[in-house]
Every structure is written in C-alpha cells, then in structure tokens.
Amino acid sequence: MSAAAVEEPHRREPLTLLEQANQLMEQHPGNRVEIIGGVITVAPPPDAPHAMVLTTLMKPFLAAGLDGERTEVLQGIGLWLPTGPEDYAIPDLAVVDADIHEHLIENNCYDPMSFRLVLEVTSGNFNNDLRNKVTAYAEAKIPVYVIVNRKHGRVHVLTDPVEGGYDTHRIHAPGEHITLPESIGAEVTLDVAAILTTGRL
C-alpha cells in the first residue's frame, strides 16, 4: 500500500512594507499611513484645530501667488523618500513645482526634487514630526521644512538640509513674524500667534 502524497498548503510571499501600508489604509480609511526609515506609522484623522491651522496657513501662500503658473500649494500629497526602498511621507502642506504631475514615482508619491517646502502641523505623534521627519526630509533635500508645534506653542523653520538633519533650525514664539526663504517662489510671512491660536489643543 502506498502512502498518498501530502500537499503542502500554498505559501504566499510575505507582504512588502508598501503592501502592508496600503492594506492598513484600506482597513482604516481617513488615517494617514506613512513609511519612514522602514517603519510604518499610522496617524488618526486630524482634529478640527489641526485642519483650521492648515486653512489659516494656506492664505499667505495663496496671497503671495504661489498657487499659479510656477508653483502649487497642496495638502496631503505623497512624497517619495530616499531613506528606504519603500519610504514615503504625506506632509500636511507642500509648495511644489507646477509640473508635479510629471514627477510621479510610485504609490501616488512624487519625486522630492519637485518640493520647495513641506509643512507639518503636530498632532498626538508630534515626536515623529520633530525627529524622524526632520531626518527624512533632510535626506530628501527638501529646502524648507516648517513645523507648527502645537504641543509646545512654537513654529520651527528648518533650512539648509545636510546629512541627518538641517544646518539651520530656528524656533519662533508667539509675537514673532516669520519671513520664509524666497527660494520657495515668493516672499511669505507667517504670524506665529495667529497660527498657534487657531490650532490650540
């Protein structure tokens, strides 16, 4: 009597990080899923003050004419990162070259060379914005990174990307006005107090 052959169950290759991230987005609509430094992060939907800060911030960028022929001001657009083979981030706000659609890389994420500025408004995961994304955006050579730090009541402006971070990191308190570098395409001035009051936790 011969023994019947035992069939092994079909083995599927393990999901890539990108596949896992996309699966998480499908399972948790509205959450922001990113891969930074080879680690998947999931942030819940932003609260109303977070969204109000973005609305407040859009106004000076639009008034300066940055949403036009040469540049666009966009919220929640994917940025492909050089920090890992599947790394990407979704900054809250970005100033990008107007031909951004020509620089799609993968997974609805775009080449960092098209980004002139990225901006994050902190939520519960504020350490990610203040640490991991500083390194990631610097490695991507994003010229200007602005952080609205709602937890500590400050606005950070980081410029001059170098390996592992930014060479210039200025912290601004309520009462100050920040003039952003003209390299973003126009002169934009931000009122720190107005931004932080809008985004008060």
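A: Below is a short exchange on one lysine and some strand pairings.

A: This is a predicted model, where local features need pLDDT of at least 70, side-chain atom pairs count only at pLDDT 80 or more, and totals for chains, interfaces and linings use all residues. Residues are numbered from 1 along each chain as its sequence is written, and side-chain values use heavy atoms, with hydrogens and water left out.

Q: Where does K133 lie?
A: In helix α3, residues 126-139. Helices (H or I, at least four residues) and strands (E, at least two) are DSSP runs, numbered from the N terminus.

Q: Is K133 buried or exposed?
A: K133 counts as buried because its relative accessibility is 3%. Buried means under 20% relative accessible area, exposed over 50%, partly exposed in between (1.4 Å probe, protein chains only).

Q: Which side chain does the side chain of K133 make a polar contact with?
A: That of E34, at 3.0 Å. A polar contact is a pair of N or O atoms within 3.5 Å; within protein, one must be able to donate a hydrogen and the other to accept it, and residues adjacent in sequence count only if both atoms are side-chain atoms.

Q: Now strands. Why is β6 largely enclosed?
A: Because 5 of the 5 residues of β6 (residues 93-97) are buried.

Q: Which strands do bridges join to β6?
A: Strand β3 (residues 71-75) is joined to β6 by 5 bridges, antiparallel, and β9 (residues 115-121) by 4, also antiparallel. Two strands pair if DSSP finds at least two bridges between them.

Q: And what is the bridge partner of V96 in β9?
A: F115.
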